[in-house]
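Welcome! Here is a short briefing to read with the sequence and the 3D view side by side.

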Amino acid sequence: MHCTGAFLLRSALIPSIPRTTTATTASLPAAFLLPAFTTTTPQPTARATFSTTPSAHARKDGNRNRGVSALRHTGIGKKQKLSVSLKDLPRPVLDPQRRSKVQVDDDHGLWDFLPTARTALRTPDELHAHGRGWTVPELRHKDWDDLHRLWWVCIKERNRLATQWYEHDRIGGMDGGAGMYGEHEGAARDKEVRKTMKGVRHCLTERWYAWENARVAGMEDGEVDLYAEVERGEAAYLPRGEESVEPVSLGSEDDARTDPSRTLPPPNSASAASEARV
Amino acid sequence: MAVHAPFKVGMKEIYLPDFKLAFIRTIHLPANYASFIVPLWFSKLDLRDYLYHGYNLRIGPVIRSYVQQSRIRQGQVPSPTRPQYKRWHRPRSTKRMTVELERPFAWPERPDDLTAWNKEETKMANEEQGPLGKRLGPEGDQQGISNDRRTSMREQAKALLEGREKWKPGVSRGLGTSG
């Protein structure tokens with residue numbers, strides 16, 4: 001017990017009755033003796049117990065996580081109770097053979113990177129089974145949508161071949177040169193795909209130049225109005241009918257010579273007779 | 001398309017892309033991760049957009065990307081027939097990106113039997129032609145001669161000296177019995 005202010009206050013306000021060690025609490029001194037025992041000055045009594053030793057009745061620490069640290073690797077504290085017990089912890093399956101197989105969806109997007117047969121690697125025979133690339137005259141018939149689709153088919157095939165190339169290296173290895181067959185066939189296939197892509201680009205470029213030339217010609221032509229909105233009924237072609245249009249003869253100077261209806265001019269008999277040849 | 005992309009699509013439309021992506025098998029990663037080798041100028045946003053619009057593949061929010069620098073080497077690319085020294089250069093680096101998949105994907109098993117790719121024969125051919133190439137190469141003089149060849153040469157010399165065989169020109173250096 002330590003000295004508290006309350007005790008001092010109490011001792012000051014209430015006249016304290018001096019008690020000796022042998023005095024019993026049951027009997028109080030006689031009332032006529034009270035004035036002799038009263039002390040007027042408040043004195044801090046030394047009778048209160050004062051000790052720095054922590055007693056057993058210290059305030060209980062409610063912190064269950066006291067001393068538990070993940071950073072310091074202290075582990076689980078004595079008072080800590082987890083919802084899972086350590087013996088029930090799931091253990092990882094280390095052996096790959098015992099692991100359950102992953103179910104892959106049929107419509108997974110990544111199947112497009114692998115061969116159509118859904119194997120890991122295409123054989124050289126499978127790689128060789130391709131035709132020639134599209135030629136430019138064949139592609140000229142196709143519209144933009146078809147060409148765009150063909151381009152993306154080529155792109156995906158190139159991605160497939162690139163995937164094959166890396167997988168081929170991993171499986172066969174370099175082995176100081178050619179590790180196994182398939183590289184040459186893959187390169188030949190890629191070449192045909194690139195030819196097709198080049199043809200598609202060529203066709204589109206041709207079309208663009210034709211369009212551009214037509215556009216420039218339309219801008220320069222006075223009779224054509226490129227900004228006319230045909231849906232609203234505005235005319236795009238406005239021929240100039242005010243000026244007299246001269247009939248333009250589309251013939252050439254050769255026509256006089258080759259025209260069968262024309263006859264030869266009559267000979268000049270006077271000059272012919274005079275120039276007698278000897 | 002009525003379905004919108006699950007991310008904000010960029011303004012630049014590319015109709016005719018001209019690059020290739022390689023899908024790499026990663027055995028050290030779980031089945032819901034996929035790794036690609038992409039062009040060096042590719043960004044994570046590009047990859048996300050490409051996989052969604054090209055392959056209808058939805059991926060997780062985080063893409064990991066790293067550039068693998070190649071070691072310095074000699075020679076010319078593409079490699080010519082003769083080895084070329086002193087042409088030191090560092091080939092182009094490789095960029096790899098790893099994405100998290102919404103649906104897992106496991107690669108098909110690698111083929112056990114590699115006869116379709118002629119691996120056995122190629123290996124035998126390389127093993128046989130390896131010493132030959134070294135003998136014909138610039139360090140051919142430093143290659144040792146095997147005891148079989150020594151015995152064979154001794155016997156041929158003996159036959160020539162004893163008159164059993166006549167010398168014929170035209171046999172090129174390095175060919176003949178292995179040694």
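Where is Asn56(B) found? Asn56(B) sits in the loop between α1 (44-55) and β3 (59-68) of chain B. This is a predicted model, in which local features need pLDDT of at least 70 and side-chain atom pairs count only at pLDDT 80 or more, while totals for chains, interfaces and linings use all residues. Residues are numbered from 1 along each chain as its sequence is written, chains are lettered from A and ligands numbered from 1 in the order in which they are written, and side-chain values use heavy atoms, with hydrogens and water left out.

**The two chains**

- Chain A has eight helices and zero strands, where helices (H or I, at least four residues) and strands (E, at least two) are DSSP runs numbered from the N terminus.
- Starting at the N terminus, the order of elements in chain A is α-α-α-α-α-α-α-α.
- Of the 278 residues in chain A, 20% are buried; buried means under 20% relative accessible area, exposed means over 50%, and partly exposed lies in between (1.4 Å probe, protein chains only).
- Chain B contains three helices and four strands, and along the sequence they follow the pattern β-β-α-β-β-α-α.
- In chain B, 28% of the 179 residues count as buried.

- Asn56(B), the residue from the opening question, has a phi near 55°, a positive value in a residue other than glycine.
- Asn56(B) counts as exposed because its relative accessibility is 58%.
- His73(A) is not a glycine, yet has a positive phi of about 55°.
- The place to look for His73(A) is the loop between α2 and α3 of chain A, and His73(A) counts as exposed because its relative accessibility is 69%.

**Salt bridges**

- Over all chains the count comes to 20 salt bridges, a salt bridge being a side-chain nitrogen of Lys or Arg within 4 Å of a carboxyl oxygen of Asp or Glu.
- One of them pairs Arg66(A) with Asp61(A) at 2.9 Å, N to O.
- Arg66(A) is exposed because its relative accessibility is 57%, whereas Asp61(A), at 42%, is partly exposed.
- Another salt bridge brings together the side chains of Asp107(A) and Arg103(B) at 3.0 Å, N to O.
- Asp107(A) lies in the loop between α2 (34-37) and α3 (124-128) of chain A and Arg103(B) in the loop between β4 (94-101) and α2 (119-136) of chain B, so this pair joins two chains.
- Asp107(A) counts as exposed at 58% relative accessibility, while Arg103(B) counts as partly exposed at 31%.
- Glu157(A) and Arg122(A) also meet through their side chains in a salt bridge, at 3.3 Å, N to O.
- That pair links distant parts of the chain, 35 residues apart: Glu157(A) is in helix α5 (residues 144-172) of chain A, and Arg122(A) is in the loop between α2 and α3 of chain A.
- Are Glu157(A) and Arg122(A) buried or exposed? Glu157(A) is buried because its relative accessible area is 11%, and Arg122(A) is buried because its relative accessible area is 7%.
- Arg122(A), Glu157(A), Arg160(A) and Arg189(A) belong to one network, joined by salt bridges that share partners.

**The second largest pocket**

- Rolling a probe the size of a water molecule over the atoms shows where empty space is left.
- A pocket is found on a 1 Å grid over the protein atoms alone: it is an open set of points where a 1.4 Å probe fits, with protein on both sides within 12 Å along at least five of seven lines, and its lining residues have an atom within 4 Å of a point.
- The second largest pocket holds about 920 Å³ of space, the volume being the space filled by probe spheres set on the grid points, which are joined across faces, edges and corners.
- Its lining has 27 residues, and those nearest the centre are Val102(A), Ile27(B), Ala106(B), Trp107(B) and Glu109(B).
- Two strands of chain B, β1 (22-24) and β2 (33-38), each supply at least two residues of this lining.
- By class, the lining comprises 18 nonpolar, four polar and five charged residues; Ala, Val, Leu, Ile, Met, Phe, Trp, Tyr, Cys and Pro count as nonpolar, Asp, Glu, Lys and Arg as charged, and the others, Gly among them, as polar.
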